[in-house]
Structure formats: structure tokens, C-alpha cells
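Colleague: I'm new to reading protein models. Could you walk me through how to look at one?

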Amino acid sequence: MTKTKTDHEHAQPIYPYPLSTVPSYPSYLPAQTQAIGSLLPVREYPQNENPPKLFEGLTIRGVEFGNRCWVSPMCQYSSDNGHATTHHLVHIGSMAMRGWGAIMMEATSVVPEGRITPGDAGIWTDSQIAPLKQIVDYVHALKGVIGIQLSHAGRKASVLPPWDLRQATQKGYSGGTVVSEQYGGWPDDVQAPSAISFNPGKYPDPNEASLEYIENLKLKFDEAVERCGKVGFDFIEIHGAHGYFLHEIVDPISNTRRDQYGGSFENRVRLPLEIARSIRAKWDKPLFYRVSATDWLEEDLGPERDERGEWKWWGIEQTTLLARELAKIGIDLLDVTTGGNDLRQKIKVGPSYQTPLAVHLKKNVPNILVGTVGIITEAKQANDILEQGKADVVFCARQVLRDIDFPLEAAMDLGVAVNPAVQYELAWSRMLKNRREVHHTCAERYGITEVQGGEGKQLRM
Ligand SMILES: Cc1cc2nc3c(=O)[nH]c(=O)nc-3n(C[C@H](O)[C@H](O)[C@H](O)COP(=O)(O)O)c2cc1C
């Protein structure tokens, strides 16, 4: 006998709407209601009434950054002939799920010989666009903001990734870090402002880049910017720091040229300014410049400028002059780091150790935002920097690798509620107290209590 359904059995609580998805995304992906890591509405979360500066949004040239806790660029030395791989999608994708206000992709070379290692990222050819676009599309589908750092490694190119050198050293190897052609290096084609090795006997002996090479390099930066447009990046950073080409050329330590790119301060900063100007003319989205604000050479070489007024090494005085020119060109943000161009550097390392240099630039350079980086690992520390007006945004690098949830944990530490990814909401029930009912049904589904759900990871309150 066929069983007939009662009226009651027919009345299932059917949800009458389509499920939330990101329509433009090629595969099914649940939609995020707002940027992950951005403040939730005050009407539901009154604790967000006067938010800490770390979670104040920021808009630059129409690009909206959900908070001021950003990912600093980090080389992975894991690209396939300069092409991003699954590793990059997973690595960057996980950050995008965790609420960083912006993610900057690693130093990405505009020419093959500008890579640090054979595994460095590149953007010198069109086939590198698609794998980058896959990452950027995913981040955008999560309502995230993503940019790229454009670079040329100069005299520090064609070397080993750090782990290969470490492993070899542990086995007793004490030779150089130069990668031979046989293993994908280009030791004879390392190009630098001057033929001065970073570490003679250990690092490559670079060629002095010809004027023709420099002219072509400017074009290569321009071509890379065009590709960035095709990829859909939200912002670009020019890498002018850490002893790579654009740091080497501004620095009297590594630039002994006698042409229009060497000698006087004006000549040494000519190339970065030409590149910045040219990019600014064709890129209307946010444009940043990363600068090493000092070589940290006071102890060995005395003041940055000698008594005759001659510049000896690269320090904060020249950085300030360069920054003023960059501001005039329309660079939006100065990302202030230090060091990397001379082995004699004596860095005074500690929490926020580079922030005093950012403060100097913020005070002395009008019309430019300032970012600070370097051992920023605590919510209060990061927020105090911003509240005290020492910088406009903070960048984290190693903290991202140690604690990828740092922005959400920082929000809890600072007493505000920010948006977690919808797929991860259950882990943040302590922050999302007023979503408790919904989380409760979800917790029932998995046979866990809400408290267990909240304490699976030790949440700091
Ligand atoms: C694994 C790793 C890779 C890095 N790669 C880059 C890079 O591609 N470009 C860059 O400008 N800085 C790079 N850096 C430096 C960081 O961006 C950052 O300035 C530095 O680590 C200090 O910040 P932290 O104390 O938060 O780690 C790298 C740092 C790490 C740890």
C-alpha cells in the first residue's frame, strides 16, 4: 500500500531563495558579505562604535582597504620559470581567507635576470599573466585587496634559495651562493649599477649595466605594469629596498658610475624617479614605493655625509629627499624598511625597530602615506603605532607565516568584531556573539558545543 503524505509532512521549511554565491567566479564559491577582516556594522556590534585605528578602513585612489593590517611581500622562491603555481594560490589564498587588509605578492621580477633565485616570481612575459590572474580573481571573489611588488635583484641575482644554502652549509659546504647555468642560474649575466660584488667570493661578480640596459629596463617595468593591469592587481609597489637594483643605484656604496646615473644625488635617484614617473603615468590605481631608509652604517663609516658635504652611504637624509620627489610624482605610499645593501650593517633589531624611520618620513614628507614594517607582532603594538600617528598602515611578514589569523585575533584583542570568512565563522563564535543562534544549529550539526567550537583554537579575549 502506498503511503500518502499528510499535509504536515508536505510542509517542510523550504528556503525560498537561491544560495549566496559569487556570480562572476568560474566555480561555485559562497559569497562573503563584506571584506574579511573589515569591521562589522555598529548596529549589530555596538563595540565597533569607536574602532581602533588598525581596523579603520582606508581608501586610496578608489581602492578600499578593509583594515590597516597588511601583508608585506615575501619571496617564496617557488615559481616555475617565473610562473606562479598551485603553491602561490594556496599560500596567498589562505591569507585572503584570514582578513588581512591588503596582500602584497612577493618581489616579482620584470626581467629574467632580475630574479634573486631561479625560483623567483616573474612578470616579464605574457604567459605569466594567467597563473597570477587565477590568484587575483580568487582574492577578489573573497572581496580582498591584492597587489604586487615589482623588482630587479641587481647584483644579488642568480643565488641559491636560503634553504638550499642552509642545508649545504649544514653538510659542511662553505663556498659561494652563486647558482651556475647548469642549475638554472645566470652568473655571467648579473646586471648591477656598478661592477661591485655584494660579497666577493660568495656572491656573483656583476656586470655594470650599460646605458642601453638601463633604457631597456625602464621599458620592462612599463611592460610589467601593463601585465599587472591585465592580471587585475589593485596596487603596485616598486621595490627600491634591500640592496636590489633600485637601492644599489641610489647608494654611493654600490654606485660608482660616471654617467647620468652616478655621482651626484640627483643622478643616483634619476632611475627610480624615471621608473616611478613612467608607471604613475599609466597606472591610475595605488602606487607604492619600498625604500630602505638607512644602510645602518654609522658605526663603521660615521655620518651619512662627511664634513665636505659628500654622501658616503645611503641614510635617512637622502631617503627624505628621495621621498619628497616620489610624493611630487604622485606615489601614494612609502613602505619604509631598512638595510640589505652592505654586510657591515649594524641593525638595532627589536620590536618596531624600523618605525622611527617611518616617523621621520611621516613628519618630513608631506602628501604621502607611510607604511611601517619590522617585528610588529602584537595587536596593541600595531594599533599604537597607528593611533600615535607614527604610520598610516602596518605591514607584517613573519607574523603572517606564524599566525595567519593575526588580524582576526588582533580584532578580538582590541575588543572589536570583524568579519570572518563565512566558511570559518564557526571558529569565531566568541567574537560573533550575536550570531550565536545560527552557530548553535551549526554546532549541533557537527556534534560539538558552541564553547568547544570557540575554543578549538585558543582565542585571546
Ligand atoms: C620569507 C621572507 C621573504 C621576504 N621577501 C621579501 C620580498 O619579496 N620583498 C621585500 O621587499 N621584502 C621581503 N621580505 C622582507 C619582509 O617583507 C619584511 O620587510 C621583513 O621580514 C620584516 O618584517 P617582519 O619582522 O614582520 O618579518 C621577506 C621576508 C621574509 C621573512
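This is a predicted model: local features need pLDDT of at least 70, side-chain atom pairs count only at pLDDT 80 or more; totals for chains, interfaces and linings use all residues.

Colleague: Where do I begin? Which residues does the UniProt domain annotation cover?

Modeller: The unreviewed UniProt entry carries the annotation "domain: NADH:flavin oxidoreductase/NADH oxidase N-terminal", and it covers residues 53-411. Over residues 53-411 the chain is 35% helix and 15% strand. The C-alpha atoms at the ends of that stretch are 11 Å apart.

Colleague: Next, the helices. At what angle do α5 and α8 cross?

Modeller: For any helix pair, look at the angle, then the handedness, then the residues that meet. Helix α5 (residues 211-231) and α8 cross at roughly 30 degrees, and their axes come within 10 Å. That makes α5 roughly parallel to α8, because angles under 35 degrees count that way. The crossing is right-handed.

Colleague: Which residues of α5 and α8 make the contact?

Modeller: From α5 you have I214, K218, F221, D222 and V225, and from α8 there are L271, E274, I275, S278, I279 and K282. Sorted by class, the contact of α5 with α8 has six nonpolar, one polar and four charged residues.

Colleague: How do α8 and α10 pack?

Modeller: Helix α8 (residues 270-282) packs with helix α10 (residues 316-329) at an angle of about 20 degrees, and their axes are 10 Å apart. The two are therefore roughly parallel to each other. Here α8 passes α10 in a right-handed crossing. On the α8 side, L273, A276, R277 and R280 meet E325, L326 and I329 of α10. That contact has four nonpolar, no polar and three charged residues.

Colleague: And α10 with α11: what is the angle there?

Modeller: About 45 degrees for α10 and helix α11 (residues 355-364), with axes 10 Å apart. That makes α10 oblique to α11. Check the handedness too: this crossing is right-handed. I316, T319, T320 and A323 in α10 meet L357, H360, L361 and N364 in α11. The contact divides into four nonpolar, four polar and no charged residues.

Colleague: Last one, the ligand. Which residues come nearest to the ligand?

Modeller: With a ligand, start from the residues around it, then ask which elements supply them. There are 20 residues around this ligand, and S72, M74, A107, A397 and R398 come nearest. The elements giving two or more residues to the shell are β4 (102-109) and α13 (398-402).

Colleague: How many nonpolar, polar and charged residues does the shell have?

Modeller: The shell around the ligand divides into 10 nonpolar, seven polar and three charged residues.

Conventions: Residues are numbered from 1 along each chain as its sequence is written. Axes are lines fitted to C-alpha atoms, for helices over the stretch in contact, and angles run from 0 to 180 degrees between N-to-C directions. Helices (H or I, at least four residues) and strands (E, at least two) are DSSP runs, numbered from the N terminus. Angles under 35 degrees count as roughly parallel, over 145 as roughly antiparallel, 65 to 115 as roughly perpendicular and the rest as oblique. A crossing is left-handed if the near helix is turned anticlockwise from the far one by less than a right angle, and right-handed if clockwise. Two residues are in contact if their C-beta atoms, placed from the backbone, lie within 7 Å. Ala, Val, Leu, Ile, Met, Phe, Trp, Tyr, Cys and Pro count as nonpolar, Asp, Glu, Lys and Arg as charged, and the others, Gly among them, as polar. A residue is near a molecule or strand if its C-beta atom, placed from the backbone, lies within 6 Å of it. UniProt positions are given in the numbering used here, feature names are shortened, and annotations may be inferred rather than shown by experiment.
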